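Trainee: I would like to go through this chain with you. Can we start once the model is up?

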Amino acid sequence: GPGYGAPSGYGGYGPPTGPPGRVRGTGFGILMTVITLGVYPLYWYFVAHEEMKRHSGEGLGGGIALLIAFFVGIAMPYITSAEVGGLHARSGRPAPVSGLTGLWYFPGMFLLVGPLVWWVRTNGALNDYWRSVGVR
């Protein structure tokens, strides 16, 4: 009856319509992480979340993502994969990654290759999304 359920429009925003982000090479990200001694991921979290927020109107945005990455970094793989999956889902496609993908990062780091698997899957899914909206 009336008064029950989710508020009108909740989760029903339809496909994102803001400007798309940039495709960033996965190998380039790995190289930059090594060259910058681990600083590049902070930059990547900032720009990736800023672009997703501008595009979809939802999510953390760059500043909040950077703060979380700096102070509670272990949370970011889960949050980032969830936001990337949400972009796909809001556009009517299956989400190739989700918050659970973050498990590749932690506890996956104990497998040594876990964070690499997380990066390849999450950055790949974000790049696939940007390509699906016309970015080359």
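Mentor: First, a term. Buried means under 20% relative accessible area, exposed means over 50%, and partly exposed lies in between, with a 1.4 Å probe and protein chains only as cover. This is a predicted model: local features need pLDDT of at least 70, side-chain atom pairs count only at pLDDT 80 or more, and totals for chains, interfaces and linings use all residues. Residues are numbered from 1 along each chain as its sequence is written, and side-chain values use heavy atoms, with hydrogens and water left out.

Trainee: Is L112 buried or exposed?

Mentor: L112 sits in the loop between α4 and α5. Its phi is positive, about 70 degrees, though L112 is not a glycine. Most residues other than glycine have a negative phi. The relative accessible area of L112 is 74%, over the 50% cut-off, so L112 is exposed.

Trainee: How many helices does the chain have?

Mentor: Helices are DSSP runs of H or I with at least four residues, strands are E runs of at least two, and both are numbered from the N terminus. The elements run α-α-α-α-α. There are 0 strands, and the number of helices is 5.

Trainee: Which elements give two or more residues to the nonpolar patch?

Mentor: The elements that give two or more residues are α1 (26-35) and α5 (114-132).

Trainee: Which residue joins its side chain to that of S81 in a polar contact?

Mentor: S81 lies in helix α4, and counts as buried because its relative accessibility is 0%. Contact means heavy atoms within 4.5 Å; beyond four places in sequence, S81 touches V97, S98, G99, T101, G102, W118 and T122. A polar contact is a pair of N or O atoms within 3.5 Å; within protein, one must be able to donate a hydrogen and the other to accept it, and residues adjacent in sequence count only if both atoms are side-chain atoms. At 2.8 Å, the partner is T122.

Trainee: Where does the salt-bridge partner of R90 lie?

Mentor: R90 meets E58 at 3.6 Å, N to O. The pair links distant parts of the chain, 32 residues apart: R90 is in helix α4, and E58 is in the loop between α2 and α3 (62-71).

Trainee: Which peptide bond is cis?

Mentor: Most peptide bonds are trans. P107 is placed in the loop between α4 and α5. With omega near 15 degrees, the cis bond runs from F106 to P107.

Methods. Salt bridge = Lys/Arg side-chain N within 4 Å of Asp/Glu carboxyl O.
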